[in-house]
Amino acid sequence: MQKRLKEKALELLSNCTVTRVLGWKTGEFFYDLTPAVFETAEEVEKEFVYSGFSGANLSKYLIQESRKQGKVAVFLKPCDSYSFQQLLKEHRILRENVYVVGISCNGLLDMEKIRAQGCEGVTAVTEDGDTLTVDTLYGTTKLSRNDCLLERCAVCKSKKIVAFDELIGEQGEELESNRFDRVAELEAMTPEERFAFWREELSRCIRCNACRNVCPACSCEKCVFDNEKSGVRNKAIADSFEENLFHIIRAFHVAGRCTDCGECSRVCPQNIPLHLLNRKFIKDINEFYGVYQAGADMDTKSPLTDFTLDDCEPSIVHERGGVQG
Amino acid sequence: MKRIAVENLQSLFAAVSAKKQLYIPADDSAGQAKFTLWSEGTVLTEKLNTVRSAKDLFFPQVENLVNFKVSSKKIEILENRDSSEPFVVFGVRACDCRSFDILDTVFLSDPVDTYYQSRRENGLVITLACNRPAETCFCGVFGIDASDPAGDVTCWMDKAYLYWRANTERGQELTKSLSVLEDCDESSVDAIREASKQILQKLPLNDLDLTDFRENKLLDVFNDSAWGELSESCLGCGTCTFVCPTCQCYDVQDFDNGREVRRFRCWDSCMYSDFTMMAHGTNRPTQKERFRQRFMHKLVYYPNNNNGVFGCVGCGRCLQKCPIHMNIVKVTKKLKEGMV
């Protein structure tokens, strides 16, 4: 895959289809790849990498990149393509300035999960089918690839690339996913248990804002939390309740637009399962208004910004809220 | 030198805790290590290091400074300092221990930050030598010996024993009061240290060379054309800043509930758009300038003002946690290309 992507990047640059290529750049180690813009064949040859650690969703960078001079090529995995299309739908990306190379995907790896399985001082990871061979400063371990997947890949919702100019690899299908299982578990808790669960999870938040800044649905020019005149803050405050509310407000704000790309949870330094808040909204939207997947196409109206006579009654929504006060 | 069998660690923690509040690195609900107030049943983590550094205990993320009560034209000032009681922090790694020197230079220079000072005076530091450093560790670049860390007390651990050496008067005083510790020979830790050194020599980032930054090249580094490329994918989040043991910038803000104003300070990040925003409104307009500030501070400004000491201790947290994997090692190496 790496070879094919690299060749494609070189081809698109050399035949002047694009002036820049957005991809992933090599790091100090094998896993610490950085999203980067490549402008020359030399840079691509030297530094372009696609591997199991190319998890970063590049679509949000296109908000800026598509507004620069010349055309930019981008490599999008299936779930990234949903984010891309949702941003197109919101008129945030100038489509004519982007050349999308869709790439098929068999799930990406999570270094945190590899470390959590007792691998310290990891120096290399080799993939061989379902097995990962992990070399460390202290010896070699074999792990199951499935146990090392990013959360979003472990419950992959779709292998379908929904927006592209050309494809590398096979086009896939939407999948039967068990991604709502954990949400259902939380729904089955009593309100007190659920409150305690979220207070505990959110208590670890350090207000680094990585979840917000990486989120393709969070594309406001200036976030309300960054506006010092708004009365709410982007930094930690001596009131833990506002800390918790930050995430809940954010989840509300992206509801109906969140494609469940999972970047929020991937980047959280404190491993807060933020995707569960968004998934709760998606699950509710599916149940109240019929199945809706943000970013799946350009035409379907988002149930939360649309009104139809079939919409579910507010009383039903209210009832579903559980025991009140 | 003293020692205690590893299976009796809980009795050591209980004995320390009976005298002062004790914090140890323990696993949190997400399975990551965090300095945690010890109570019966709190178990020492097996992780190399905590996600948040030991800095938190001396310079917490949020801290009350003072309260104001405003009624008509009168302003009443109410003391609202978070009380600082004597405490012990166990299991601090060599890198974090060195970070206290860097923080001290900032907070204990005139004018002294009394909030920080009271915690430093109240806090006794017990370090723990590293047996299994990670690939992201590079404390050796800063002359730190992870096999023999500083602190009031230094500890080493193998499968059988925790070894304990008091380094300061405060450390000795605590040691005397702990009857659970038994005497042992100084040479007991030689083998542990030797094994640790063997690994430390093999770390992949050992070749990082910062000497060029020591010469006064402030403007050359500042104007280097690489900053644009280095910062292009930076998300502008505060992860690197908040997991960093040496980042010390803070913001002072007011929380006004309509009856009373609580003035608090909280960690700030130079990666944020409103960092040091003044009335003129043009502090650092793009992420390139914000990004540059963070690394200029650690690699150039701080050493220029502090006898060549860098504002980094090589703990590797930013290497592990940056969402886009940009970090001080990559920045340093890239900038050095321009220095040749």
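How many of the 325 residues of chain A count as buried? The share is 42%, where buried requires 20 or more other C-beta atoms, placed from the backbone, within 10 Å of a residue's own.

Before I go on, this is a predicted model, in which local features need pLDDT of at least 70 and side-chain atom pairs count only at pLDDT 80 or more, while totals for chains, interfaces and linings use all residues. Residues are numbered from 1 along each chain as its sequence is written, and chains are lettered from A and ligands numbered from 1 in the order in which they are written.

Chain A has 13 helices and eight strands, these being DSSP runs numbered from the N terminus, with H or I over at least four residues for helices and E over at least two for strands.

Turning to the interface, 46 residues of chain B are in contact with 39 residues of chain A, contact meaning C-beta atoms, placed from the backbone, within 7 Å. On the chain B side, strand 12 gives the most, with four residues.

That strand also belongs to an open sheet of four strands in chain B, ordered 5-4-12-11 with antiparallel pairing, where two strands pair if DSSP finds at least two bridges between them. Strand 5 (74-79) and strand 11 of chain B stand at the edges with a single partner strand each, so one side of each is left without a neighbour in the sheet. Strands 11 and 12 of chain B pair over seven bridges in the antiparallel sense, and Trp267(B), in strand 12 of chain B, is the bridge partner of Tyr250(B).

Key: A residue is buried if 20 or more other C-beta atoms lie within 10 Å of its own, exposed if 12 or fewer, and partly exposed in between; C-beta atoms are placed from the backbone. Two residues are in contact if their C-beta atoms, placed from the backbone, lie within 7 Å.
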